Amino acid sequence: MSSSQLSTKHLLGIKYITKEDIELIFKTAVEFKDVINRPIKKVPSLRDVTVANVFFENSTRTRISFELAERRLSADVVNFAASSSSVSKGETLLDTVNNILAMKVDMVVMRHPAPGAHHFLAKHIDANIINAGDGTHEHPTQALLDAFSIQETLGSVEGKNIVIVGDILHSRVALSNIFCLNKLGANVKVCGPSTLIPRHIESLGVTVEHDVRKALEWCDVANVLRIQLERQDIKYIPSLREYAQYFGINKQLLNDINKDIVIMHPGPINRGVEITSDVADSKQSIILDQVENGVAIRMAVLYLLAGKKG
Amino acid sequence: MDQGKIIVSSERFQLTLLRLAHQILENHLKPEDLCIIGIQERGVPLAARLKDNLIEMLGGQPFKYGALDITFYRDDFRRRDVPIKAATTEIDFLVENKNVLLVDDVLYTGRTVHAAMAALQDFGRPQKIEMLCMVDRRFNRHFPIKADYLGMSVDALDEAYVKVNWKDIDGEDEVRLFSGKIIK
């Protein structure tokens, strides 16, 4: 019998949850997607729960998505952006979070530039912690909403061929996606310039391809990532123009391979670099469905973790 | 395993269903304003059976029908050991100015109905809400709620458990009384 609760009280990364957890989150998200498409988009489930959104790194989409998810579950929400806070005055992470918790906060949604910051917190505090991105490590809710969108579009994830194109080296979305898709039984390939593909990535159970045309011919779904220039300390590619030439996905390329591929992108898009506008806005693209599903997935995660506290 | 005691047999069960359908019609002379809403999980099969009976009796006159999941509206969330799994709400209409009939199998503490009334507010302001149940355990209420239509009343100890079985799910249409909670 499938369980009605998660195996964990934190969502630190996809690596630390089970396939059953993912399936329960998806099942719950289907119901929440129904809720957010009603005239009244709100349920009272978390009315006695306070959630702190603690962002030590910039974010628009993820923070708004989490905040909407929290408000649609009727939780009380406090937002905390590190740039305008005591962190810039030299306070430690643990002190910052403990001060927030002293104000009776039940859950912490955090984005932090250091990989593993959430694990450290989980050892020291009692609240449920949700990872909204830790450096180049994991971004679990993005991977969940990506896989959920694939399941919604193609019926299932199992057995599907999925290629992740772009800056795999710096992408937490790529790593979480690899864990999530593998657990759900998909075949995963990564594609990009060799400088942006980590060595030994095959040990995670993926294959590597450097020719984007071959990768597209193979796949059912292409998840296209942004080149994260802000994380690159040295030059990994000669120029964005050259990257677009060799790895950019355009209409011509898709027409040539004569197959209906689902196009995904976690955003923000650099139009004309990794993907052209006519592809991003085409019928094949489910980019805006991903955004809508993001709220439903985050509602499901918040709801299930809140219930876990007991 | 405790098989429980049959307190309503299949023959009587069918008669009760018919009586309930007639009682609904008696009070709803304009079926176009009637919405029958089954509460997930076990209220839905009862609502479906009443719907079948009513379709036959009304001969094509339309009325609205849906299923309501109240998981996200329960007042015991975070207070139970094991959370309840969400089921699907299927209400593709607004209940604005409609006469809503909530349907559940057993009316016990009244907490489910209480949550269902809260959930219903998200689909508009009904003209009126009524409650129908197959079994009313009238001495176990936690809320001032009573059924407008009921199959039968069962006066049992708090620890007893009443289960309504359905032919297409459990093999037989019947009501069984158990001396304690069934461990699945």
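## Elements and confidence

Helices and strands are named here as DSSP runs counted from the N terminus, a helix having at least four residues and a strand at least two. The structure is a predicted model, and the predictor gives the complex an ipTM of 0.72 and a pTM of 0.86.

The mean pLDDT of chain A is 92, with 97% of its residues at 70 or more, while chain B has a mean of 90, with 98% of its residues reaching 70 or more. Within chain A, helix H5 (residues 140-154) has the highest confidence, at 98, whereas helix H3 (residues 93-101) has the lowest, at a mean of 87.

## Domains of chain A

Chain A is divided into domain 1, which comprises 14-138 + 291-308, and domain 2, which covers 140-287. The centres of the two domains, taken over C-alpha atoms, are separated by 25 Å. Across the boundary, 21 residues of domain 1 of chain A are in contact with 19 residues of domain 2 of chain A. On the side of domain 1 that touches domain 2, the elements giving two or more residues are H1, strand S4 (128-134) and H11 of chain A. By class, the residues of this side of domain 1 divide into eight nonpolar, seven polar and six charged.

## The largest nonpolar core

The largest nonpolar core has 143 residues, and those with the most contacts inside it are A:Met107, A:Val165 and B:Ile37. Helix H11 (residues 287-308) of chain A gives the most to this core, contributing 11 residues. Because domain 1 and domain 2 of chain A both give residues to the core, it lies between them. In soluble globular proteins, nonpolar side chains tend to be buried together.

In chain B, residues up to four places away in sequence being left out, B:Ile37 touches B:Ala47, B:Gly66, B:Ala67, B:Leu68, B:Ile91, B:Val100, B:Leu101, B:Leu102 and B:Val103. One of these partners, B:Ala47, is also among the buried residues of helix H2 of chain B.

## Contact between the chains

The contact between the chains takes 14 residues from chain A and 15 residues from chain B. On the side of chain A that touches chain B, helix H1 (19-36) and H11 of chain A each supply at least two residues, and the largest share, three residues, comes from H1 of chain A. This side of chain A has four nonpolar, six polar and four charged residues.

## Helix H2 of chain B

Helix H2 (residues 43-58) of chain B has 16 residues and reaches 22 Å from its first C-alpha to its last, close to the 22 Å expected at 1.5 Å a residue. Its buried residues are B:Gly43, B:Val44, B:Pro45, B:Leu46, B:Ala47, B:Arg49, B:Leu50 and B:Leu54. What covers the buried residues of this helix includes helix H1 (10-27), strand S2 (34-39), strand S3 (64-68), strand S4 (99-107), strand S5 (128-136) and helix H4 (167-170) of chain B.

The helix is followed by B:Gly59, whose phi is positive, near 55°. In the loop between H2 and S3 of chain B is B:Pro62; this residue has 10 other C-beta atoms within 10 Å and is therefore exposed, a residue counting as exposed at 12 or fewer. B:Pro62 lies 46 residues from B:Tyr108 in sequence and 31 Å from B:Tyr108 in space, C-alpha to C-alpha.

## Backbone geometry in loops

Most residues other than glycine have a negative phi, and most peptide bonds are trans. In chain A, the peptide bond from A:Gly267 to A:Pro268 is cis, with omega near -10°, and A:Pro268 lies in the loop between strand S9 (262-264) and helix H10 (277-280) of chain A. In chain B, a cis peptide bond joins B:Gln40 and B:Glu41, with omega about -10°, and B:Glu41 is placed in the loop between S2 and H2 of chain B.

A:Ser74, although not a glycine, has a positive phi of about 70°; A:Ser74 is found in the loop between helix H2 (61-72) and strand S2 (76-81) of chain A, and with 15 C-beta neighbours inside 10 Å it counts as partly exposed. B:Asn97, likewise a residue other than glycine, has a positive phi near 60° and is found in the loop between S3 and S4 of chain B. Since B:Asn97 has 11 C-beta neighbours inside 10 Å, B:Asn97 counts as exposed.

Definitions and conventions: Residues numbered from 1 in each chain as written. Chains lettered and ligands numbered in written order. Predicted model: local features only at pLDDT ≥ 70, side-chain atom pairs only at ≥ 80, totals over all residues. Core = buried A, V, L, I, M, F, W, Y, C linked by C-beta atoms within 7 Å. Buried ≥ 20, exposed ≤ 12 C-beta atoms within 10 Å, placed from the backbone. Domains from an automatic or database assignment. Contact = placed C-beta atoms within 7 Å. Nonpolar A, V, L, I, M, F, W, Y, C, P; charged D, E, K, R; others polar. pLDDT = per-residue confidence, 0-100. Expected span 1.5 Å × (residues − 1).
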